[in-house]
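Me: I would like to learn how to read the features of a model like this one. Please take them one at a time, with the general idea before the case.

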Amino acid sequence: MSNISSVDIFICDLPVVRPHKLSMTTITSQAIVIGIIKDESGITGVSEVATIGGASYGESTVEAIKANIDQYITPHLIGQDPISFNRIMNNISKSVRGNYFAKSLIETALIDLAAKQREFPAYELFGGKIHNSLPLAWTLASGDTARDIEEAKEMLHQKRHNIFKLKIGSGDPDANVKHVGKIIKAVGDESRITVDINQAWDEYTALKQIKALEEMGVSMIEQPLPAWNYEGMSRLTERFDVSILADEAATSLHDTYRIIKARAGDAIALKPAKHGGILETKKIAGIAEAAGFGLYGGTMIESTIGNAVAASVYSTIPEFKFGTEIFGPLLYKDKLTLENIEVKDFEIQISDDIGFGVTLDYEKLEYYKR
Ligand code: MUC
Ligand code: MG
């Protein structure tokens with residue numbers, strides 16, 4: 001097998017089909033980073049990470065991801081054999097702190113390349129597939145209740161989604177809860193409803209509003225408090241029956257360990273980018289499983305490439321108590337690959353094609369890159 005000869009990092013802006021309103025930002029276009037690692041024989045490993053709202057959602061911005069890979073990570077890659085991705089990533093971790101998104105992009109491009117060299121699916125390199133398909137939630141976040149209801153009905157009709165996550169936390173908390181109530185009234189009999197507050201509430205607000213949400217039948221409350229507030233999340237978990245999901249708080253393996261130890265939630269949202277790659281995602285799934293925490297297959301709203309990475313690793317994890325939300329490609333107006341995701345009977349179908357099963361469309365990359 002041949003060794004790595006080049007690493008190229010591109011920043012792209014991809015438009016979405018409708019504004020996607022979170023508590024801290026509204027997405028009209030996603031900034032994504034594409035990584036292409038080529039070997040001496042010309043085979044390419046391709047991967048993607050996505051970010052939300054510049055630096056408003058998380059610390060990793062596309063500009064910093066590219067700059068830190070070019071300057072500090074690429075020198076560790078040239079001349080290496082991609083199948084040694086475990087050793088390569090371990091070496092990188094010794095000289096590059098944090099930078100989880102950058103590390104995830106590189107590790108997964110290495111995995112794609114190593115799998116393509118051997119002509120088998122990437123999931124064979126981290127345990128093999130358990131699931132052929134996984135339940136797929138959709139996020140209702142148009143910012144308009146009537147439009148969200150219409151969208152949910154259409155998704156149910158198409159058998160695309162019957163789990164809906166509502167993005168709340170922006171504006172008046174009482175109005176947020178009324179909005180949820182209207183959606184449950186309209187589609188709650190045929191679907192499961194969760195909410196994501198994206199850190200917007202304080203503990204006092206959360207105590208009042210989670211009680212109301214629990215009474216209405218919401219099945220999961222995602223990151224109601226700021227990521228730093230483990231003690232508050234622990235008190236909410238103790239107090240309510242409804243499941244509390246740690247998302248922004250559950251980033252590194254060590255942070256997730258602290259959350260589990262403090263029972264600062266009942267469940268963990270996995271996302272390869274925020275954990276620093278697939279190997280770290282598998283470790284986090286392991287400690288969560290050992291502690292009896294539920295798992296949720298999260299997304300940073302990646303397009304087809306990053307979504308395929310998440311689908312691939314999630315297919316190897318025994319149980320997703322709360323399903324997945326790897327719907328990203330369906331929110332985009334366009335894609336950078338020849339393939340799209342396949343959804344059947346409310347579930348995303350896991351690709352068995354080689355690597356992560358996606359082929360980069362170089363014309364589209366040229367069109368969308370900055
Ligand atoms: C998040 O916090 O979960 C995932 C789905 C969605 O609509 O937003 C993202 C981020
Ligand atoms: Mg979330």
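Me: What spacing do the donors of the magnesium ion (ligand 2) follow along the chain?

Reply: Donors are N, O and S atoms within 2.8 Å of the metal (3.2 Å for Na, K and Ca); water is not among the atoms, so sites may look incomplete. Here the spacing along the chain is D-x25-E-x24-D. Asp196 lies in strand β7 (residues 192-196) and Glu222 in strand β8 (residues 220-222), so this pair ties together parts that are 26 residues apart in sequence. Helices (H or I, at least four residues) and strands (E, at least two) are DSSP runs, numbered from the N terminus.

Me: Which residues coordinate the magnesium ion (ligand 2)?

Reply: Asp196 (OD), Glu222 (OE) and Asp247 (OD) do, at 2.0 to 2.2 Å. For reference, ideal angles at a metal are 109.5 degrees for four tetrahedral donors, and 90 or 180 degrees for six octahedral ones. As for the setting, Asp196 and Glu222 are both buried, where buried means under 20% relative accessible area, exposed over 50% and partly exposed in between (1.4 Å probe, protein chains only).

Me: What should I keep in mind about the numbering and the model itself?

Reply: This is a predicted model, in which local features need pLDDT of at least 70 and side-chain atom pairs count only at pLDDT 80 or more, while totals for chains, interfaces and linings use all residues. Residues are numbered from 1 along each chain as its sequence is written, chains are lettered from A and ligands numbered from 1 in the order in which they are written, and side-chain values use heavy atoms, with hydrogens and water left out.

Me: How many bridges join β8 to β9?

Reply: Strands of a sheet pair through backbone hydrogen bonds, either parallel or antiparallel. Two strands count as paired if DSSP finds at least two bridges between them. β8 and β9 run parallel and are joined by three bridges. Within this pairing, Glu222 stands opposite Leu245 in β9.

Me: Which way do the residues of strand β9 point?

Reply: In a regular strand the side chains alternate between the two faces of the sheet. In β9 (residues 243-246), Ser243 and Leu245 point one way, Ile244 and Ala246 the other, and all are buried. Strand β11 (residues 294-297) also has both faces covered: Gly294 and Tyr296 on one side, Leu295 and Gly297 on the other, are all buried. β11 runs parallel to strand β10 (residues 267-270), with four bridges between them, and Ala269 stands opposite Tyr296.

Me: In what order do the strands of the open sheet with antiparallel pairing come?

Reply: The order of the three strands is β4-β13-β12. β4 (133-135) and β12 stand at the edges, each with a single partner strand, so one side of each is left without a neighbour in the sheet. Two bridges pair β12 with strand β13 (residues 347-349), and Val343 has Ile348 in β13 as its bridge partner.

Me: Where is Thr324 found, and what does it touch?

Reply: Contact means heavy atoms within 4.5 Å. Thr324 is in the loop between α11 (304-314) and β12 (343-344), and counts as buried at 0% relative accessibility. Not counting residues up to four places away in sequence, Thr324 touches Leu134, Pro135, Leu136, Ala137, Tyr296, Gly297, Tyr314 and Ile348. A polar atom of the Thr324 side chain lies 2.8 Å from the backbone oxygen of Pro135.

Me: How many aromatic pairs does the structure hold?

Reply: Rings of Phe, Tyr and Trp (its six-membered ring) pair if their centres lie within 6.5 Å; planes under 30 degrees apart count as stacked, over 60 as edge-to-face and the rest as tilted. The structure holds three such pairs. In one of them, Trp138 and Phe327 have ring centres 5.0 Å apart and planes at 65 degrees, so the pair is edge-to-face. Trp138 lies in strand β5 (residues 138-140) and Phe327 in the loop between α11 and β12, so the pair ties together parts that are 189 residues apart in sequence. Trp138 is buried, at 2% relative accessible area, and Phe327 is buried at 1%.

Me: Which residue lies over the face of Trp138?

Reply: A charge sits over a ring if NZ of Lys or CZ of Arg is within 6 Å of the ring centre and within 35 degrees of the ring normal. Here Arg160 lies over the face of Trp138, 4.8 Å from the ring centre.

Conventions
A polar contact is a pair of N or O atoms within 3.5 Å; within protein, one must be able to donate a hydrogen and the other to accept it, and residues adjacent in sequence count only if both atoms are side-chain atoms.
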